[in-house]
Amino acid sequence: MNVEITSLTRRFGSVTAVAGVDLLTGPGVFGLLGPNGAGKTSLLRMMATAMPPSSGSLRLLGRDPGSYGARREIRRRLGYLPQNPGYYPGFTVTEYVEYFALLKEVPSARVRAAVATAIDRVELGDRRKSRLRTLSGGMVRRVGIAQAIVNEPELLLLDEPTAGLDPEQRVAFRALLRDLGQRATVVVSTHLVEDVAAACAEVALMDRGRIVFQGTPGALAARSGGQDPGDTPIERGYSAVLAQARS
Amino acid sequence: MTAATRVPAASRPRLVGRRPGLALLRLLRLELRHNAMPWVLPIAIGLFWLTTYRKGVAMPPLWNLRAAGLQLGAQLDFAVPVTGAAAWMGSREARRRVTDQVTVTVQPRWARLLAPWAATTIWAMLAYLGCTAVLYGVTAHQASWGGPLWWPAAVAAASLPAFSALGFVLGTFLPGRFTAPLAAIAAFFVLTLSTELIHGSQSYWNVSPIVTGPWDLGPQAGVATFYPFLPDLPIAQVMFLVGLTVALLGTLALPAGSGGRALRMVAAGLTGAGLLAAGTAVGLAGTGTMDAHGMIAIPALHDAASDQPLQFTPTCSHTAIPVCLNPAYAGYLSVTATALAPLLSQVAGLPGAPTRIVQDAMIYQQDAGDEVSIRPRSPGDILSSPVSHLVLPDQTQGQTMTAGQLASTVITTYGLQLVARVTGDGPGASQAQHAVAAALLRAAGGDEVIVTQPTSGPCRGPASAPSTRRSGPGRECASQSVGAARGTPAAAAAERFDALSAPVRHAWLVRHLAALRAGLVTLAELP
């Protein structure tokens, strides 16, 4: 298992964003679903070692990120795309991805090839010399994905990665996710359930800081009672589980 | 939970192809390419040209003046923009909302932040060094003697990393779009106000990098021309700036999460060491006092060898009495010798006239309060001495005169001194001595020479070079006059004596000078 979470809690003052989450996952694409404010981003930020938990146990890639040495080793093998990724508008696509490759200590001899590969995988090869300020929102999001995968991470955490992507790009991105999931643990946080259905082998549904469902997309779809709102079975299952958790 | 998962995944090979130094260089290259400093460099260079270069080249081509102007001006021109640019770069991660993305990378926060700071500093330093090279290159082309003074340039250079670090730390810990302009404005006021509390030559505030010497004295052309430049204060200033830089950069790694325990301990150690160095430098600067040569001497840093006069071969004129100047003042020789030539031809060979006129150094003394006394090194001309001492006006006034102003001032100061020496004119002299002195001065300087009765007052000295008292930069009083007041019988006699031809005047003086000096000649006996 690359992610082992036990009773993980994160509080911001009096607000409990993540309330005692337990989660185990290994290689493959794992979907994290939930409405806005469910705690998905807080959970992902803790998994990315960007924020320490208030309590509970967190082991990533077999290590406890509480110590600096282990945290560095985890980060060496980690990729992270935040929900609202900023960027340096003056950098070109290549420079920006190279910047992160250097920060992630990708071996010098491999930096150029790793950057080119990452850019090609998000299909921005023809824009590699474009400055980020000239790119559309969807392209910038793909640059963010490229920086996250430039070090060929074993644990990839993507927070709303398909926001701003057009349908064609989303289809391509799902294929990329499936490909990445063959070698790494990919955790995708999203509120777009169709992405989960298409790309994820396992999903968890969060609500009010807790995981209220964990299983396959098919199992989630099967929770639908037929009367629940939604256009697809998985959306109806999503609504049914949320309604049940809140009742 | 699966038991097998308790075994950590194997670490990736760390050494194969991983060269941290090369990676940091590539990071630095990226930061150099995308730094804010090049955008403000035109402003800095423009300010340098406007406020430092133009003023510098308008000053006499003396290394000490140009170096002091560089130290003061270049810091204001470059330190303020670099502070703003560094604050902008320091706040970049927060402004651009990339904090989370970069936080979860492998590089320690310290190394990540040092790259943009270094890039900002390198740009500023390159521009500063270029501007310094131009100013010093022009000075080397114009100066007749001496060489570049590197310590003042080093102080200005050391201030750039310090102000860059200050701005960067402000930007990092207080990120915002207004941080950069506020930091730049703060840097300007910190620099300019840092000298406000200096009273006298001994002050802890002398550590301010824009202090180039005793603050009450202002720029002095004569300083570091006859005696070596004292590096005492610049050493303390560089020590202060380096300490400040190290301490500020150390603080970047102090917050939790900036790195491992060892890294943070190193940072804490560096911060402490930097503060200690800066504090020591402040303490050293506070022990400095103005020495007799117009520079700040710090006992703990002072090299006694610096108190020995510089050895040089003077540049001399071919006038009736040779005028010999310090070679640094060779550019003044022509005007000085031309101004004095008519007078020298009148007095050459007379009893009491010197056979050689040599430029003298000045001696500085801190008086009570902010006042500084300046007097020639030689106490005054001795009649029997074949050497007379000359002080050029620019040596004490610290400003450029036109050739006409210089000639006029040389006549009214040194010319007057020489005439007084030869005729014995001065307080208590006879009317005939006043008249002859006035006539000689008129013959030497024409209508430009203002001849008045000898005055009395605190600034009056013996019949030698003027003594000057300064109370803060630029303020002074100086007076010395010999001759006859207009409308008096002595003035009428002076006009009569002046109307004689030069050979006749000279011949009369050869015959009657001893009697004139003894007060035995009356106005009526003057031809």
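I take helix axes as lines fitted to C-alpha atoms over the stretch in contact, with angles from 0 to 180 degrees between N-to-C directions. Helices are DSSP runs (H or I, at least four residues), numbered from the N terminus.

I note that this is a predicted model, where local features need pLDDT of at least 70, side-chain atom pairs count only at pLDDT 80 or more, and totals for chains, interfaces and linings use all residues. Residues are numbered from 1 along each chain as its sequence is written, and chains are lettered from A and ligands numbered from 1 in the order in which they are written.

**Helix pair in chain B**

I looked up α7(B), residues 150–173, and α8(B), residues 179–193. Their axes come within 10 Å and cross at roughly 140°. I then checked which residues touch (C-beta atoms, placed from the backbone, within 7 Å). From α7(B) I listed B:Phe163, B:Leu166, B:Gly167, B:Leu170 and B:Gly171. They meet B:Thr179, B:Ala180, B:Ala183 and B:Ala187 of α8(B). I sorted this contact by class: six nonpolar, three polar and no charged residues. Gly counts as polar here, and Ala, Leu and Phe as nonpolar.

**Domains of chain B**

I found domain 1 at 34–193 and domain 2 at 315–525; such bounds come from an automatic or database assignment. Eight residues of domain 1 of chain B and six of domain 2 of chain B make the contact. On the domain 1 side I noted six nonpolar, two polar and no charged residues.

**A helix in chain A**

I turned to α1(A), residues 40–47. Eight of its eight residues are buried (20 or more other C-beta atoms within 10 Å of the residue's own). Among them are A:Lys40 and A:Arg45. Just after α1(A), A:Thr49 takes a positive phi of about 65°.

How values were computed. Contact = placed C-beta atoms within 7 Å. Helix = DSSP H or I, 4+ residues; strand = E, 2+ residues; numbered from the N terminus. Buried ≥ 20, exposed ≤ 12 C-beta atoms within 10 Å, placed from the backbone.
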